[in-house]
Amino acid sequence: MSGSATEYTNGKSPRKSFMKVHKTVAKTEKEAQIKLSLYDPSEFHVINPNKKTKVGNPVGYKVVPAGTAASLLDPEDPPQKRSSFTNNQIWATRYNKSEQWSSGLFAYQSHGEDTLQVWSDRDRDIENKDIVLWYTLGFHHVPCQEDFPIMPTVSAGFDLKPVNFFERNPVLRVAPYVENELPVCKAAASA
């Protein structure tokens, strides 16, 4: 998403910045191992290439990241081998009924042999297949004095939002408001 402004505008614009969208389709599990980067803004869509809108766009959802954190552990540290799902924030694997737990079935007894990383490293074809989308969320917490004796709640999450899912904006079906239908706030009468 970067390039030379003169390359794009031939020097005829005072603007020096632009954005160009590049579409890439992950065809295998390894290609779908994604580390989020603040300086490489991206949108991640999960689409069905066989279902298209009237305009011709594939129907799907986009992953809207939030609450992300990268692991601070060494890759060879035993807890990191068990929790290797934290190596990336987004993963897509081919559906397999036995692959349900990102750290394996027995996470605390694992040596890292039955994890999301191992399954994904098989590099199976995922294009136009039944897939499982994995999103790793988390946060780094540096304790502060307000955390003692009871730490306040910290939350994290992400969104899945429709993308090219509807033929048109669903809000357009709502009848427009007429000015006299809008609520009016007035100050209460003083006594």
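Predicted model: local features only at pLDDT ≥ 70, side-chain atom pairs only at ≥ 80, totals over all residues.

A residue counts as buried when its relative accessible area is under 20%, as exposed when that area is over 50%, and as partly exposed in between (1.4 Å probe, protein chains only). Residues are numbered from 1 along each chain as its sequence is written, and side-chain values use heavy atoms, with hydrogens and water left out.

**Salt bridges**

- Side chains of opposite charge can pair when their charged atoms come close.
- Here, a salt bridge means a side-chain nitrogen of Lys or Arg within 4 Å of a carboxyl oxygen of Asp or Glu.
- How many salt bridges does the structure hold? There are six.

**The pairs around Arg 124**

- Glu 29 and Arg 124 join their side chains in a salt bridge, at 2.7 Å from N to O.
- Glu 29 sits in the loop between α1 (5-9) and β1 (44-52) and Arg 124 in the loop between α3 (116-121) and β4 (131-135), so this pair ties together parts that are 95 residues apart in sequence. (Helices are DSSP runs of H or I with at least four residues, strands are runs of E with at least two, and both are numbered from the N terminus.)
- Glu 29 counts as buried because its relative accessibility is 0%, and Arg 124 is buried too, at 18%.
- Arg 124 also forms a salt bridge with Glu 99, at 3.1 Å from N to O.
- That pair links distant parts of the chain, 25 residues apart, with Glu 99 in the loop between β3 (90-94) and α3.
- Shared partners join Glu 29, Glu 99, Arg 122 and Arg 124 into one salt-bridge network.

**Another pair: Glu 76 and Lys 81**

- The side chains of Glu 76 and Lys 81 form a salt bridge, at 3.2 Å from N to O.
- Buried or exposed: which is Glu 76? Glu 76 is exposed, with a relative accessible area of 55%.
- Lys 81 counts as partly exposed, at 35% relative accessibility.

**Pro 65**

- You'll find Pro 65 in the loop between β2 (58-64) and α2 (78-82).
- Pro 65 is partly exposed, at 33% relative accessibility.
- Leaving aside residues up to four places away in sequence, Pro 65 touches Leu 36, Tyr 135 and Phe 158, where contact means heavy atoms within 4.5 Å.
- Pro 65 and Val 55 are 10 residues apart along the chain, and their C-alpha atoms are separated by 27 Å.
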